[in-house]
Amino acid sequence: MTRARWMWLASLLLLLFPLGCILLAYVLLSAGFVDDTLITPNRSDMLSRVELASSSNPPDTEFLINALEGPDWFVAAAAAERLGQLWQSGKMESEQADVVIRSLLATLASGGHWWRFGWDGDEPEFEQFRSVAIEAVSSFGLEALPSLTNALSSDSPYEREAACWITLDMFKAGLVDGTTLAEQNILEYIGNLAQSDSDERVKVSCTSARDAVRDSSP
(Lines give C-alpha, C1' and ligand atoms only; values in the text may rest on other atoms or scores of the structure.)
Protein backbone atom coordinates (compact mmCIF):
# COMPACT_ATOMS: atom_id res chain seq x y z
CA MET A 1 0.00 0.00 0.00
CA THR A 2 1.39 3.35 -0.99
CA ARG A 3 2.14 6.14 1.47
CA ALA A 4 -0.61 8.30 -0.04
CA ARG A 5 -3.18 5.54 0.48
CA TRP A 6 -2.04 5.09 4.09
CA MET A 7 -2.47 8.82 4.65
CA TRP A 8 -5.93 8.71 3.12
CA LEU A 9 -6.93 5.74 5.28
CA ALA A 10 -5.60 7.44 8.43
CA SER A 11 -7.55 10.58 7.63
CA LEU A 12 -10.71 8.54 7.07
CA LEU A 13 -10.28 6.79 10.41
CA LEU A 14 -9.74 10.11 12.18
CA LEU A 15 -12.97 11.35 10.66
CA LEU A 16 -14.98 8.24 11.48
CA PHE A 17 -13.74 7.89 15.08
CA PRO A 18 -15.51 10.98 16.53
CA LEU A 19 -18.63 10.16 14.49
CA GLY A 20 -18.57 6.66 15.95
CA CYS A 21 -18.21 8.05 19.47
CA ILE A 22 -21.16 10.39 18.93
CA LEU A 23 -23.28 7.54 17.59
CA LEU A 24 -22.34 5.30 20.52
CA ALA A 25 -23.17 8.06 23.01
CA TYR A 26 -26.53 8.62 21.30
CA VAL A 27 -27.38 4.91 21.46
CA LEU A 28 -26.40 4.65 25.12
CA LEU A 29 -28.42 7.71 26.09
CA SER A 30 -31.44 6.72 24.04
CA ALA A 31 -31.38 3.29 25.68
CA GLY A 32 -31.60 4.89 29.12
CA PHE A 33 -28.00 4.12 30.09
CA VAL A 34 -27.63 7.25 32.24
CA ASP A 35 -31.00 6.67 33.90
CA ASP A 36 -30.26 3.03 34.68
CA THR A 37 -26.69 3.50 35.89
CA LEU A 38 -26.66 6.94 37.52
CA ILE A 39 -30.16 8.20 38.29
CA THR A 40 -32.38 5.34 39.46
CA PRO A 41 -29.82 3.60 41.73
CA ASN A 42 -29.05 6.88 43.52
CA ARG A 43 -32.63 8.16 43.82
CA SER A 44 -33.37 6.78 47.28
CA ASP A 45 -30.12 8.16 48.70
CA MET A 46 -30.68 11.58 47.12
CA LEU A 47 -34.24 11.78 48.46
CA SER A 48 -32.93 11.01 51.95
CA ARG A 49 -30.37 13.78 51.59
CA VAL A 50 -33.09 16.20 50.46
CA GLU A 51 -35.10 15.38 53.59
CA LEU A 52 -32.02 15.82 55.78
CA ALA A 53 -31.14 19.16 54.16
CA SER A 54 -34.66 20.51 54.67
CA SER A 55 -34.96 19.33 58.28
CA SER A 56 -31.55 20.44 59.50
CA ASN A 57 -31.20 23.60 61.59
CA PRO A 58 -30.59 25.83 59.76
CA PRO A 59 -31.86 24.21 56.57
CA ASP A 60 -29.24 23.46 53.94
CA THR A 61 -30.80 25.50 51.15
CA GLU A 62 -27.58 25.33 49.12
CA PHE A 63 -27.88 21.56 48.81
CA LEU A 64 -31.56 21.86 47.86
CA ILE A 65 -30.75 24.43 45.19
CA ASN A 66 -28.03 22.18 43.79
CA ALA A 67 -30.53 19.31 43.71
CA LEU A 68 -32.68 21.36 41.34
CA GLU A 69 -29.88 21.17 38.79
CA GLY A 70 -29.24 17.43 39.23
CA PRO A 71 -29.96 14.75 36.63
CA ASP A 72 -33.06 13.36 38.38
CA TRP A 73 -36.25 15.39 37.92
CA PHE A 74 -37.98 13.34 40.63
CA VAL A 75 -35.37 14.48 43.17
CA ALA A 76 -35.51 18.03 41.79
CA ALA A 77 -39.27 18.07 42.38
CA ALA A 78 -38.78 16.96 45.99
CA ALA A 79 -36.18 19.71 46.52
CA ALA A 80 -38.47 22.35 44.97
CA GLU A 81 -41.33 21.31 47.22
CA ARG A 82 -39.15 21.51 50.33
CA LEU A 83 -37.89 24.97 49.38
CA GLY A 84 -41.43 26.26 49.12
CA GLN A 85 -42.35 24.68 52.44
CA LEU A 86 -39.33 26.21 54.16
CA TRP A 87 -40.44 29.70 53.08
CA GLN A 88 -44.02 29.11 54.17
CA SER A 89 -42.87 27.86 57.58
CA GLY A 90 -40.70 30.93 58.15
CA LYS A 91 -37.45 28.99 58.11
CA MET A 92 -35.93 30.97 55.24
CA GLU A 93 -34.56 34.52 55.23
CA SER A 94 -35.48 37.04 52.52
CA GLU A 95 -31.89 37.01 51.25
CA GLN A 96 -32.09 33.26 50.79
CA ALA A 97 -35.52 33.54 49.21
CA ASP A 98 -34.20 35.71 46.37
CA VAL A 99 -31.58 33.09 45.49
CA VAL A 100 -34.09 30.26 45.74
CA ILE A 101 -36.65 32.00 43.51
CA ARG A 102 -34.05 32.77 40.85
CA SER A 103 -32.79 29.18 40.98
CA LEU A 104 -36.28 27.74 40.59
CA LEU A 105 -37.03 30.01 37.65
CA ALA A 106 -33.68 29.22 36.04
CA THR A 107 -34.46 25.51 36.19
CA LEU A 108 -37.97 26.14 34.86
CA ALA A 109 -36.37 27.96 31.93
CA SER A 110 -34.81 24.68 30.88
CA GLY A 111 -36.54 22.46 28.38
CA GLY A 112 -34.84 19.49 29.97
CA HIS A 113 -31.32 18.14 30.25
CA TRP A 114 -29.36 18.74 27.05
CA TRP A 115 -28.09 15.17 26.99
CA ARG A 116 -31.65 13.82 26.82
CA PHE A 117 -32.00 15.32 23.31
CA GLY A 118 -35.30 16.97 24.20
CA TRP A 119 -36.92 13.78 25.47
CA ASP A 120 -37.45 15.14 28.97
CA GLY A 121 -40.63 16.80 27.76
CA ASP A 122 -42.17 13.34 27.34
CA GLU A 123 -41.23 12.19 30.85
CA PRO A 124 -43.82 12.42 33.67
CA GLU A 125 -41.04 13.27 36.13
CA PHE A 126 -40.19 16.39 34.14
CA GLU A 127 -43.80 17.59 34.10
CA GLN A 128 -44.08 16.77 37.79
CA PHE A 129 -41.04 18.92 38.53
CA ARG A 130 -42.42 21.85 36.55
CA SER A 131 -45.76 21.66 38.35
CA VAL A 132 -44.13 21.48 41.79
CA ALA A 133 -41.60 24.22 41.00
CA ILE A 134 -44.34 26.56 39.73
CA GLU A 135 -46.28 25.99 42.94
CA ALA A 136 -43.12 26.55 45.00
CA VAL A 137 -42.37 29.91 43.37
CA SER A 138 -45.98 31.03 43.72
CA SER A 139 -45.82 30.33 47.47
CA PHE A 140 -43.33 33.19 47.83
CA GLY A 141 -46.03 35.69 46.84
CA LEU A 142 -44.91 39.31 46.76
CA GLU A 143 -41.31 38.24 47.35
CA ALA A 144 -41.27 36.65 43.89
CA LEU A 145 -42.63 39.60 41.89
CA PRO A 146 -39.28 41.21 40.89
CA SER A 147 -37.93 37.90 39.57
CA LEU A 148 -41.30 37.12 38.01
CA THR A 149 -41.12 40.30 35.95
CA ASN A 150 -37.76 39.22 34.56
CA ALA A 151 -39.10 35.73 33.84
CA LEU A 152 -41.96 37.15 31.76
CA SER A 153 -39.41 38.77 29.43
CA SER A 154 -37.13 35.72 29.32
CA ASP A 155 -35.80 34.34 26.05
CA SER A 156 -36.97 30.89 27.18
CA PRO A 157 -40.59 30.06 26.31
CA TYR A 158 -40.53 27.51 29.14
CA GLU A 159 -39.80 30.27 31.64
CA ARG A 160 -42.38 32.66 30.16
CA GLU A 161 -45.02 29.94 30.29
CA ALA A 162 -44.12 29.09 33.89
CA ALA A 163 -44.18 32.76 34.90
CA CYS A 164 -47.79 33.10 33.76
CA TRP A 165 -48.85 29.93 35.60
CA ILE A 166 -47.07 31.25 38.70
CA THR A 167 -48.94 34.53 38.44
CA LEU A 168 -52.23 32.67 38.11
CA ASP A 169 -51.46 30.47 41.13
CA MET A 170 -50.51 33.46 43.27
CA PHE A 171 -53.63 35.34 42.26
CA LYS A 172 -55.95 32.41 42.94
CA ALA A 173 -54.31 31.84 46.33
CA GLY A 174 -54.86 35.48 47.27
CA LEU A 175 -51.12 36.11 47.63
CA VAL A 176 -51.31 39.01 45.16
CA ASP A 177 -54.15 41.11 43.80
CA GLY A 178 -54.88 42.68 40.44
CA THR A 179 -53.90 46.16 41.60
CA THR A 180 -50.43 45.02 42.64
CA LEU A 181 -49.97 43.11 39.40
CA ALA A 182 -50.92 46.22 37.45
CA GLU A 183 -48.60 48.46 39.48
CA GLN A 184 -45.70 46.07 38.84
CA ASN A 185 -46.52 46.09 35.09
CA ILE A 186 -46.96 42.32 35.29
CA LEU A 187 -50.49 42.52 33.86
CA GLU A 188 -49.15 44.39 30.86
CA TYR A 189 -46.46 41.79 30.28
CA ILE A 190 -48.99 38.98 30.55
CA GLY A 191 -51.43 40.70 28.20
CA ASN A 192 -48.76 41.19 25.57
CA LEU A 193 -47.63 37.57 25.79
CA ALA A 194 -51.21 36.30 25.63
CA GLN A 195 -51.76 38.25 22.44
CA SER A 196 -48.53 37.97 20.52
CA ASP A 197 -46.08 35.41 21.92
CA SER A 198 -44.64 33.08 19.31
CA ASP A 199 -45.09 29.99 21.51
CA GLU A 200 -48.59 28.56 21.79
CA ARG A 201 -48.05 27.21 25.31
CA VAL A 202 -47.07 30.67 26.50
CA LYS A 203 -50.19 32.13 24.94
CA VAL A 204 -52.36 29.56 26.72
CA SER A 205 -50.84 30.11 30.17
CA CYS A 206 -50.78 33.90 29.87
CA THR A 207 -54.33 34.04 28.53
CA SER A 208 -55.49 32.00 31.53
CA ALA A 209 -53.72 34.36 33.94
CA ARG A 210 -54.95 37.50 32.18
CA ASP A 211 -58.56 36.32 32.03
CA ALA A 212 -58.58 35.27 35.70
CA VAL A 213 -57.54 38.76 36.76
CA ARG A 214 -59.97 40.41 34.35
CA ASP A 215 -62.92 38.29 35.51
CA SER A 216 -62.29 39.27 39.12
CA SER A 217 -62.34 43.00 38.42
CA PRO A 218 -65.50 44.84 39.55
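This is a predicted model: local features need pLDDT of at least 70, side-chain atom pairs count only at pLDDT 80 or more; totals for chains, interfaces and linings use all residues.
Let's start at glutamate 81, which is partly exposed, with a relative accessible area of 38%. Its partner in a salt bridge is arginine 82, and the closest N and O atoms of the two are 2.9 Å apart. Arginine 82 is buried, at a relative accessible area of 16%.

Before going on, step back to the whole chain. How many helices and strands are there in the chain? There are 11 helices and 0 strands, so if you read along the sequence you get the pattern α-α-α-α-α-α-α-α-α-α-α. The chain has 218 residues, and buried residues make up 42% of them. Take the contacts with a separation of 6 or more: residues 24 or more positions apart account for 68% of these.

You'll find leucine 83 in helix α4, which covers residues 73-88. Is leucine 83 buried or exposed? At 0% relative accessibility, leucine 83 counts as buried, because the cut-off for buried is under 20%. Leaving out residues up to four places away in sequence, leucine 83 touches Thr61, Leu64, Leu68, Met92, Val100 and Phe140. There's also a C-alpha separation to look at here: leucine 83 and valine 137 are 54 residues apart along the chain, and their C-alpha atoms are separated by 9.0 Å.

Now back to charges. Side chains of opposite charge can pair when their charged atoms come close. The structure holds 7 salt bridges, and one of them joins arginine 130 to glutamate 161, with the closest N and O atoms 3.5 Å apart. Arginine 130 sits in helix α6 (residues 124-138) and glutamate 161 in helix α8 (residues 157-172), so this pair ties together parts that are 31 residues apart in sequence. Are these two residues, arginine 130 and glutamate 161, buried or exposed? Both of them are buried.

Another salt bridge pairs aspartate 199 with arginine 201, and there the closest N and O atoms are 3.4 Å apart. With 17% relative accessibility, aspartate 199 counts as buried, whereas arginine 201, at 37%, counts as partly exposed.

That leaves the helix packing. Two packed helices are described by the angle between their axes and the distance between the axes. Start with helix α7 (residues 145-152) and helix α10 (residues 186-196): they pack at an angle of about 25°, and their axes are 10 Å apart. That angle makes α7 roughly parallel to α10, because angles under 35 degrees count as roughly parallel. The crossing of α7 past α10 is left-handed. Which residues make the contact? From α7 come Leu145, Leu148, Thr149 and Leu152, and from α10 come Ile186, Tyr189, Ile190 and Leu193. Sorted by type, the residues of the contact between α7 and α10 give 7 nonpolar, 1 polar and no charged.

Threonine 149 of α7 deserves a look of its own. At 15% relative accessibility, threonine 149 counts as buried. If you set aside residues up to four places away in sequence, threonine 149 touches Gln184, Ile186 and Tyr189.

Finally, turn to how α8 meets α10. These two helices pack at an angle of about 125°, with their axes 11 Å apart. That makes α8 oblique to α10. Here, too, the crossing is left-handed as α8 passes α10. On the α8 side the residues are Arg160, Cys164 and Thr167, and they meet Ile186, Ile190 and Leu193 in α10. The residues of this contact of α8 with α10 divide into 4 nonpolar, 1 polar and 1 charged.

Note on methods. Residues are numbered from 1 along each chain as its sequence is written. Side-chain values use heavy atoms; hydrogens and water are left out. Axes are lines fitted to C-alpha atoms, for helices over the stretch in contact, and angles run from 0 to 180 degrees between N-to-C directions. Helices (H or I, at least four residues) and strands (E, at least two) are DSSP runs, numbered from the N terminus. Angles under 35 degrees count as roughly parallel, over 145 as roughly antiparallel, 65 to 115 as roughly perpendicular and the rest as oblique. A crossing is left-handed if the near helix is turned anticlockwise from the far one by less than a right angle, and right-handed if clockwise. Contact means heavy atoms within 4.5 Å. Ala, Val, Leu, Ile, Met, Phe, Trp, Tyr, Cys and Pro count as nonpolar, Asp, Glu, Lys and Arg as charged, and the others, Gly among them, as polar. A salt bridge is a side-chain nitrogen of Lys or Arg within 4 Å of a carboxyl oxygen of Asp or Glu. Buried means under 20% relative accessible area, exposed over 50%, partly exposed in between (1.4 Å probe, protein chains only).
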